[in-house]
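Please look over the sequence and the model first; the points below then proceed topic by topic.

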Amino acid sequence: MPHLLHIDSSPRNDRSHTRRLTAHFVQRWRDSHPDGTVTYRDIGRNPLPHVTEEWIAAAFAQPDERSQAMQDTLQLSDVLVDEILEADSIVAGIPFYNFGMPSGFKAYIDQIVRVGRTFLFNPDNGESTYTPLVHDKRMIAVISRGDGGYGPGGRNGSLNHLDPHLRTVLRFIGVNDLEIVAAENDEHGGAALVDSLESARRRLMRLANDDPS
Ligand SMILES: Cc1cc2nc3c(=O)[nH]c(=O)nc-3n(C[C@H](O)[C@H](O)[C@H](O)COP(=O)(O)O)c2cc1C
């Protein structure tokens, strides 16, 4: 039974383009995967904690050496990692903030990039110190930006630090199949926004219909 993890991270509610676009994807995905199941995680309305000194000590301790307090500290992170490992596909709405990801989504990334759970650290292997532990996932990142021209070769292309950051950190844990669907021009409005949203919706519809999971 195919399983989709649906994440929203915009602090905006009805005005959020990424929320509308991920909802559109999920609706189409349900239509084309009638036996599929969906887990929803809203980190925009329910922000995640940032990592703390206690969290770091617990995450980097050997699992069999963790105290009960350390296990409790990692409980939410473990749930978030399980959600990823249990999914076949992930769709995540991510607003573009100050040329990168919003702090709420970065807090999520810090919770799921976990030694021993989503990657291994092999200090003695000179060729490859890291091994990804996540396999066979497709992720669709749905991004909305206020200005336009952030694509490759565009007038703001060199300011787009979100796409490369996402690709790097997701590849690090093993999510190599990443589709980035971006809408632009929220701050311009008018036809430029409408056209961009329409082309994002069309692409999401194709991705939902073709999703192999
Ligand atoms: C704190 C903040 C920072 C932003 N930084 C940028 C930016 O660097 N470049 C840009 O084009 N738009 C920027 N925007 C505009 C958002 O990317 C745009 O409103 C987008 O639609 C937000 O996603 P949402 O509609 O899902 O909330 C910013 C908006 C906010 C609130």
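Helices, as the term is used here, are DSSP runs of H or I with at least four residues, strands are DSSP runs of E with at least two, and both are numbered from the N terminus. By that naming, F99 falls in the loop between β3 and α5. The structure is a predicted model.

**Recorded domain**
- An unreviewed UniProt entry assigns the feature "domain: Flavodoxin-like fold" to residues 3-201.

**Surroundings of the ligand**
- The ligand is surrounded by 16 residues, and the closest are S16, T18, P95, S144 and G146.
- Helix α1, residues 17-32, supplies three residues, the largest share of this shell.
- Sorted by class, the shell holds seven polar, five charged and four nonpolar residues.

**The recorded binding-site residue S10**
- UniProt, in an unreviewed entry, lists S10 under "binding site".
- S10 is located in the loop between β1 (3-8) and α1.
- Because 24 other C-beta atoms lie within 10 Å of its own, S10 is buried.
- Apart from neighbours within four places in sequence, the contacts of S10 are S16, T18, R19, G44, G93 and P95. S16, T18 and P95 are also named among the residues closest to the ligand.

**Nonpolar core**
- The largest nonpolar core comprises 38 residues. Those with the most contacts inside it are F25, I90, A92, A141 and V142.
- Strand β6, residues 138-144, contributes the most to this core, with five residues.
- When neighbours within four places in sequence are left aside, F25 is in contact with V91, I140, V142, L204 and A208.

**Helix α1**
- Helix α1 consists of 16 residues and spans 23 Å from its first C-alpha to its last, close to the 22 Å expected at 1.5 Å a residue.
- The buried residues of α1 are H17, T18, R19, L21, T22, F25 and W29.
- Elements covering these buried residues include β1, β3, β6, β7 (177-183) and α7 (190-210).

**The loop between β3 and α5**
- F96 is placed in the loop between β3 and α5. With 24 other C-beta atoms within 10 Å, F96 is buried.
- Leaving aside neighbours within four places in sequence, F96 is in contact with I143, S144, R145 and L162.
- F96 and E184 are separated by 88 residues in sequence, while their C-alpha atoms are 9.6 Å apart in space.
- N98 is found in the loop between β3 (89-95) and α5 (103-112). Its phi is near 45°, a positive value in a residue other than glycine.
- N98 has 10 other C-beta atoms within 10 Å and is therefore exposed.
- F99 is not a glycine, yet its phi is positive, at about 75°.
- F99 has 14 other C-beta atoms within 10 Å, so this residue is partly exposed.

- Q111 belongs to helix α5. Q111 counts as buried because it has 22 C-beta neighbours inside 10 Å.
- Beyond neighbours within four places in sequence, Q111 is in contact with L48, L76, S77 and L80. Between Q111 and L48 there are 8.5 Å from C-alpha to C-alpha, and the two are 63 residues apart in sequence.
- A200 is part of helix α7. This residue is buried, with 23 other C-beta atoms within 10 Å.
- Not counting residues up to four places away in sequence, A200 touches L21, V181, A182 and A183. L21 is one of the buried residues of α1.
- A200 and F96 are 104 residues apart in sequence and 15 Å apart in space, taken from C-alpha to C-alpha.

Definitions and conventions:
Residues are numbered from 1 along each chain as its sequence is written. This is a predicted model: local features need pLDDT of at least 70, side-chain atom pairs count only at pLDDT 80 or more; totals for chains, interfaces and linings use all residues. A residue is near a molecule or strand if its C-beta atom, placed from the backbone, lies within 6 Å of it. Ala, Val, Leu, Ile, Met, Phe, Trp, Tyr, Cys and Pro count as nonpolar, Asp, Glu, Lys and Arg as charged, and the others, Gly among them, as polar. UniProt positions are given in the numbering used here, feature names are shortened, and annotations may be inferred rather than shown by experiment. A nonpolar core is a set of buried Ala, Val, Leu, Ile, Met, Phe, Trp, Tyr and Cys residues joined through C-beta atoms within 7 Å. A residue is buried if 20 or more other C-beta atoms lie within 10 Å of its own, exposed if 12 or fewer, and partly exposed in between; C-beta atoms are placed from the backbone. Two residues are in contact if their C-beta atoms, placed from the backbone, lie within 7 Å. The expected span of a helix is 1.5 Å times one less than its number of residues.
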